[in-house]
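Me: I have a new structure to get through and have not looked at it before. Can you take some questions on it?

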Amino acid sequence: MLDMIKNYTTFIDRTNPVTKLSLGVMIFITVVLMHNPNQLFYLALMLMLTLLLFSGVRIRYLVLLIGVMLAFGLFSSAYMIFYGEGRTTLFSFGIIHVTEESLMRGIHIMMRGLALSFFGALIIFTTRITDVFYSLMQQLRIKPKYAYSFMAAIRMVPIIAREYISLRQARKVRKPLIHKKYVSGITGFKTTIVTLLSQSIRRAWRLSVAMESKGFDDGPRTYYHQTSFSISDFWLVIFTVLLFIFSMIFGTIIEPFATTDAR
Amino acid sequence: MTLRKGLTLADVLITVVVALVFAVVYSIWGGVYTALQPLGLHLNELVYGVWFIAAVVAYLIIRKPGVALIAEFAAASGETIVMLQFDVMLMLYGVIQGLACEIVFALIRYKSVSLMAAVSAGVAAALSTLPLDWFYGYLGQLETWNLVLMIGFRVLSGALIAGWLAHVLYRALKETGVLKLVGSRRAGHDEGL
């Protein structure tokens, strides 16, 4: 599916998933510890540029995605903008009380979310999901039991989605005949979930019986798909560290915001 | 993943599949959550409990150590896959919430499937990520009434949705008879049949 919207591949596509996951955790920690909105601004900006240049996805999809992310980011920081503490009032209406400090903090929280989303989208666009589990098994020695369960279960997601759609269509047909509560509300939710769950449990149980009867276990095994670390991993680590350093430097030279501490 | 032995392939597979069913629900639910956010009144916290329901339901079904953690992690990472958005924060939250449920279930030694067990796990999960939110969202700088509102809504939602609703789903699942296939042998899912 991803191949349809991708134009080209970059070194990030060739990076081991374990490296990308670790870098993701590193960026999360950095973003949480970063209190200077100027530095965070450059970090988010550079991660956005990285997404635009190195994901290889067609530009119009990326622009659409970034637009959605901006809107969601604004929503998620609304609580701080409207109700945060602060002294310099900018706008007041009823219980809403926007101050300079709370607006700054809200923007800071929004940029945190954006920086993480940009990097997350980059990972999704440059990684095959099965490779994640192969490299978890081969590089991190996760037991095959867990990795293969995940892979098998992910294969079932389209089946679950299809079941949900046919369930909804069946409801639509029977809607005039049955009580409204079986269509919407908590009872409707309950019957839907219980149907989906019970079918999925049966399917998973059948599959596990089949896998066990064919000798699937946690013992030593060989892999058709080999994953390993390469020079690309090295480049991506260097690249990310450079992003951090540049945002630190730029954030103290050219300051887009008046304050240096969002707290 | 450091887990004790005792989980069979069937247990893990069923846990992950249950979690992924909820991952689909989470993804749909994300829309509701976001739609409630712009007011800033934390109405979104009222539906926050949906995010721990996978851990509680999976535990009630399988009743073995480690299940709640795997389920919550799988649901969180499943959500990132369904939404096509890898989110470190989401996965971290999943792990912490799963651990909180796991601790509650360890305290009752994986024996009870009572409503109270489910509710206390829900409340524990609701409280578990507050410290992280505190640092990430600068909650200390919120006006006090707004902060109290948020924590109150979240705990209520954890108890009601992750606790009570999860238990309702479990009882309904038990009635379908599908649970006779799964879980720990002494769990007695078929008691009364």
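What follows is a short exchange about this predicted model.

Me: What elements does chain A have?
Reply: Chain A has 10 helices and 2 strands. Read from the N terminus, the order is α-α-α-α-α-β-β-α-α-α-α-α. Keep in mind that the model is predicted.

Me: How is chain A divided into domains?
Reply: Domain 1 of chain A covers 2–132 + 229–253, and domain 2 covers 144–213. Taken over C-alpha atoms, the centres of the two domains are 35 Å apart.

Me: And what radius of gyration does chain A have?
Reply: Chain A has a radius of gyration of 24 Å, while a compact globule of 263 residues would have one near 18 Å. Along the principal axes, its C-alpha atoms fill a box of roughly 65 × 60 × 35 Å.

Me: How much of chain A counts as buried?
Reply: The buried share is 35% of the 263 residues of chain A. As for contacts with a separation of 6 or more in chain A, 76% of them come from residues 24 or more positions apart.

Me: Which residues touch the most other members of the largest nonpolar core?
Reply: They are A:Ala115, B:Val18, B:Val56, B:Ala58 and B:Cys101, in a core of 127 residues. Domain 1 and domain 2 of chain A both give residues to this core, so it lies between them.

Me: What does A:Ala115 touch?
Reply: Leaving out residues up to four places away in sequence, A:Ala115 touches A:Ile27, A:Val31, A:Leu40, A:Leu43, A:Ala44 and A:Leu47.

Me: Next, helix H6 of chain A. How far apart are its end C-alpha atoms?
Reply: They are 39 Å apart. Helix H6 of chain A runs over residues 100–126, and at 1.5 Å a residue its 27 residues should span 39 Å, which agrees.

Me: How many residues of H6(A) are buried?
Reply: The count is 24 of the 27, so H6(A) is largely enclosed by the rest of the structure.

Me: Give me one residue from that helix. Is A:Leu116 buried or exposed?
Reply: A:Leu116, which sits in helix H6 of chain A, is buried, with 26 other C-beta atoms within 10 Å.

Me: What does A:Leu116 touch?
Reply: Not counting residues up to four places away in sequence, A:Leu116 touches A:Ile27, A:Phe28 and A:Val31, and from chain B it touches B:Asp87, B:Val88 and B:Met89. A:Leu116 and A:Gly24 are 92 residues apart in sequence, but their C-alpha atoms are 7.9 Å apart in space.

Me: On to the contact between the chains. How many residues does each chain give?
Reply: Chain A gives 53 residues and chain B gives 43. On the side of chain B that touches chain A, the elements giving two or more residues are H1 (9–36), H3 (67–82), H4 (88–107), H6 (130–136) and H7 (144–176), each a helix of chain B. H1(B) supplies the largest share of that side, 12 residues.

Me: What classes of residue are on that side of chain B?
Reply: The side of chain B that touches chain A has 32 nonpolar, 9 polar and 2 charged residues.

Me: Last one. Where is B:Val50 found?
Reply: B:Val50 is in the loop between H1 and helix H2 (53–62) of chain B. B:Val50 counts as buried, with 22 C-beta neighbours inside 10 Å.

Me: And which residues is B:Val50 in contact with?
Reply: Apart from neighbours within four places in sequence, B:Val50 is in contact with B:Tyr26, B:Trp29 and B:Ile161.

Notes: Residues are numbered from 1 along each chain as its sequence is written. Chains are lettered from A and ligands numbered from 1 in the order in which they are written. This is a predicted model: local features need pLDDT of at least 70, side-chain atom pairs count only at pLDDT 80 or more; totals for chains, interfaces and linings use all residues. Domain bounds come from an automatic or database domain assignment. A nonpolar core is a set of buried Ala, Val, Leu, Ile, Met, Phe, Trp, Tyr and Cys residues joined through C-beta atoms within 7 Å. A residue is buried if 20 or more other C-beta atoms lie within 10 Å of its own, exposed if 12 or fewer, and partly exposed in between; C-beta atoms are placed from the backbone. Two residues are in contact if their C-beta atoms, placed from the backbone, lie within 7 Å. Helices (H or I, at least four residues) and strands (E, at least two) are DSSP runs, numbered from the N terminus. The radius of gyration is taken over C-alpha atoms; the globule rule is 2.2 Å times the number of residues to the power 0.38. Ala, Val, Leu, Ile, Met, Phe, Trp, Tyr, Cys and Pro count as nonpolar, Asp, Glu, Lys and Arg as charged, and the others, Gly among them, as polar. The expected span of a helix is 1.5 Å times one less than its number of residues.
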